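Me: I would like to learn how to read aromatic rings in a protein model. Could you take me through it step by step?

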Amino acid sequence: MGNILSLKNIVKIYPNGVMANKEVSIDIEENTIHAIVGENGAGKTTLMKIIFGEEAPQKGEIYYKGKKVNIKNSLDAIKMGIGMVHQNLMLAPDLTVAENLILGIEPLRYGVFLDLKKIIELTEEASKKFGFKVSLNKKISDLSIGKKQRVEILKALMRDAELIILDEPTSVLTPQETEVLFKSLKDLKNHGKTIIFISHKLKEVKLIADKVTVMRDGKVISTNDVNQLDEHMIAHMMVGRKINFKRIHKAKKVGDPLFIVKNLSYLSEENIFVLKNINFEVRAGEILGVAGVEGNGQTELVEILTGLREATSGQIFIGKENISGFSPRKIREEMVAHIPEDRMKNGVAEHATIEENIIVDRYYQDYFSNNKNLFLDWKYISKFSNDLIEKFKILTPSSKAVILSLSGGNIQKVVVARELSSNPQVIIAAQPTRGIDVGSEELIHNLLKDARDNGIATFLVSADLDEVLKLSTRIIVIYDGEIVARFDDIKDITSKVLGPYMLGVKKKGD
Amino acid sequence: MEKFLLKYFNLIRAVIAILIGIIISVCIVYIISKEPGFSLKSLFLGPLLSKSRFGNFIETASPIIFCGLAIAIPFQAGQFNIGAEGALFIGAAVGTAFGVSTNMPAFLHIPLVLLVAGLTGAFWGFIPGFLKAKWNTSELVVSLMLNYVAYFIGLYLINFHFRDKAAGWLVSYKLPETAWLIQFVSGTRIHIGVIISLGFAVLVYYFLYHTTLGYEIRTSGFNIDFARFGGINVFKVIIIAQVIGGFIAAIGGMTEVMGIHRRFNWQISPGYGWDGVVVAIIGRNNPLLIILSSLFLAYLRVGGRILNLLSDIPAEMITIIQSIIILLITAEAFLAGWKYRITVREAKAKEVGHEPST
Ligand SMILES: Nc1ncnc2c1ncn2[C@@H]1O[C@H](COP(=O)(O)OP(=O)(O)OP(=O)(O)O)[C@@H](O)[C@H]1O
Ligand SMILES: [Mg+2]
């Protein structure tokens with residue numbers, strides 16, 4: 001079969017002088033699912049943006065359906081039948097879900113007025129067809145990151161494109177949702193569509209892709225049929241060394257309860273109990289994992305635990321101290337670190353530099369500032385930041401680079417680096433390795449393990465069930481705002497065991 | 001060479017923008033003026049042609065610098081407070097009222113009058129700040145409305161309570177000499193306030209980029225959710241940024257009164273607060289660049305005034321010419337493509353340099 005898309009010798013240089021694509025050539029065969037993998041900063045997103053007309057290459061040619069094309073902007077791309085799911089989601093925050101979904105393909109009445117009924121019809125139909133439940137009338141800015149991702153995917157699928165680019169579409173989807181998505185993708189393929197799929201989850205690549213291209217440092221290393229490779233081989237090609245996929249749940253020495261939540265409930269503005277009487281404790285030296293389909297109260301729970309949202313009732317303790325109602329600053333001063341689920345929303349200031357992002361919780365403390373902590377010590381801050389850049393292998397020309405010039409995974413590393421270097425006794429981590437490549441994921445997992453072995457209490461929320469299973473000492477399952485199951489010994493627990501609880505089919509008496 | 005171009009890109013861009021602005025103005029003047037040569041000279045060289053005009057240019061820059069700083073601080077905090085004009089007006093009015101009603105030695109009188117003016121302005125910044133922090137009302141609308149309130153309260157205070165009836169027109173009593181800022185360049189009215197404004201610019205620069213409070217302000221401006229997440233008290237920051245802004249604007253107004261007229265003689269609002277918005281935008285809210293942009297705008301304003309006085313060009317036309325030049329300077333995208341092409345060439349050269357042909 002022919003190639004729907006051929007890239008020849010693509011070179012991309014960003015305004016800051018970084019060369020993100022170096023003579024990249026790829027052929028995408030029609031009616032296949034083609035995965036692209038590579039370390040953070042390898043140039044995957046950049047290449048996709050070029051195909052979608054959002055970045056202009058300095059050199060190179062693009063052939064689409066055999067013809068040489070010049071894609072000047074994303075409108076051109078859409079007209080040609082290309083659709084894209086962005087890594088940093090591209091949704092209008094002040095519009096509703098339905099409005100975002102039909103943006104650009106609005107059904108009109110009399111050629112001018114929006115046909116509201118038709119809009120609801122269209123969007124409902126699509127959400128059914130592709131199996132994604134979304135609340136159509138909610139504003140995007142009120143959604144959790146997982147829901148936003150669903151909307152972004154639905155938006156691309158709805159447009160009936162010939163070639164669909166998915167840039168890390170599953171980074172905050174739970175396995176169940178990923179399954180639904182994959183069914184749709186296979187369906188689309190059966191209808192003759194072509195899909196480019198980027199993911200750091202090699203299991204998924206193995207599961208769905210026909211071909212896989214490995215990129216490193218802006219170049220293509222190889223393209224292979226997926227069935228010639230296994231996960232470990234792909235990982236090896238990506239990072240040039242072996243990766244450890246084993247579980248590390250055996251805690252060294254578990255201490256007393258350190259982080260304790262009692263009878264916590266939260267009533268939302270819509271008068272719905274989003275959290276119902278939550279009780280749990282995390283002991284020093286263990287990782288308590290939370291399994292659950294995204295949207296069952298995890299977002300609100302984490303925000304309450306870190307002081308960003310107020311609980312309706314209930315208490316939170318660190319050791320013996322009641323910290324309920326504390327401000328984020330005071331909670332941080334109790335040595336609580338927080339890796340937020342949505343890095344672009346509140347994990348970073350994208351126009352500020354890496355340094356300025358690193359110090360947000362500690363700028364007023366000794367060393368970072370002096371003379372009664374009134375004046376910043378930029379020299380120390382730079383040194384501190386550069387140490388973190390090295391330790392976490394953050395790819396950047398300088399600690400004074402703005403966050404926006406980093407790749408998605410490297411932005412996540414900045415967030416994780418800051419939080420893990422804050423000398424915490426409690427870590428609240430939501431999707432800590434979202435968008436991070438397998439090599440760095442191993443690094444972060446090892447750091448979380450070290451933290452655990454040093455007596456830190458970690459509360460881990462992740463849509464990635466493998467991650468929960470790999471890291472947790474104990475696991476709780478949350479469904480519809482309730483803890484429906486607790487597993488103290490997880491030696492034999494698998495995603496199969498957890499599945500029914502996560503979907504609310506099964507419930508375990510306390 | 002290319003490195004040099006990249007490094008000084010912003011400066012080069014400004015110079016080119018000004019040159020284009022000049023060319024356009026020349027065209028306009030040639031079309032509408034009967035004596036274009038003379039008009040152009042008044043507009044572009046006017047401020048340099050005599051000592052007193054040069055003094056005019058410098059003393060006009062001073063309140064614009066103050067107001068630019070007063071706007072830049074809230075802007076950096078993400079607060080679109082445009083109340084510098086009102087804070088300046090009411091601060092100067094109250095400060096004058098205090099100054100003419102008190103008697104003390106200069107070393108006390110000068111700082112106290114400035115302080116009273118500053119605190120009045122600070123209060124003027126506090127109102128929109130507090131309303132925003134507490135109830136999320138738009139600081140843009142509130143500060144804009146407060147400009148009118150300040151104007152009428154100021155006029156009421158001066159015209160009904162501190163009016164010097166002997167003066168023959170609507171002005172306040174003269175400040176006692178102990179509250180004067182010295183004019184120290186003979187033949188001009190350049191006064192100590194000019195020095196104070198430069199001092200403030202340096203201080204504000206240091207404040208924003210090197211103090212923890214400055215960091216809190218800038219971080220809240222970058223992303224307020226992020227600031228909150230990091231533990232910054234954004235409630236405090238939103239208020240403080242606007243309070244400091246009001247304080248500085250009022251000091252600007254007061255130094256003008258104490259250094260030039262020695263009495264409050266504004267019956268219409270002087271407009272420095274609006275110029276402050278312009279110079280803050282041109283200077284990208286950077287205090288040191290605001291000094292430059294204020295000098296630039298003051299030069300244009302004085303040139304325009306001279307032109308208006310001496311030539312046949314109508315005042316409206318002068319405003320249009322000024323606006324065109326300002327527009328060109330503020331256009332971010334201007335010449336950006338050119339810079340990009342140079343960057344690309346540099347990057348390619350580097351790549352070839354350390355990684356011979358792949
Ligand atoms: N807007 C930008 N300005 C400057 N440099 C950029 C910009 N966007 C990306 N880069 C740089 O280009 C390189 C490739 O980034 P890209 O986002 O394509 O990586 P990626 O392969 O998608 O990584 P990830 O897996 O982390 O998403 C990185 O070094 C990054 O720092
Ligand atoms: Mg990417």
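Reply: Rings of Phe, Tyr and Trp, the last by its six-membered ring, are paired if their centres lie within 6.5 Å. In this predicted model, one aromatic cluster is formed by B:F89, B:Y151, B:F152, B:F264 and B:W266.

Me: How many aromatic pairs does the structure hold over all chains?

Reply: Over all chains there are 26 aromatic pairs. One of them joins A:F375 and B:Y206, whose ring centres are 6.0 Å apart with the planes at 45°. This pair crosses between chains, running from strand β20 (residues 375-376) of chain A to helix α8 (residues 192-210) of chain B.

Me: Why is the pair of A:F375 and B:Y206 described as tilted?

Reply: A pair of aromatic rings is described by the distance of the centres and the angle of the planes. Planes under 30 degrees apart count as stacked and those over 60 as edge-to-face, with the rest tilted, so the 45° between A:F375 and B:Y206 makes that pair tilted. A:F375 is partly exposed at 27% relative accessibility, and B:Y206 is partly exposed at 41%.

Note on methods
Residues numbered from 1 in each chain as written. Chains lettered and ligands numbered in written order. Predicted model: local features only at pLDDT ≥ 70, side-chain atom pairs only at ≥ 80, totals over all residues. Heavy atoms only, no water. Helix = DSSP H or I, 4+ residues; strand = E, 2+ residues; numbered from the N terminus. Buried < 20%, exposed > 50% of the residue type's maximum accessible area, 1.4 Å probe, protein only.
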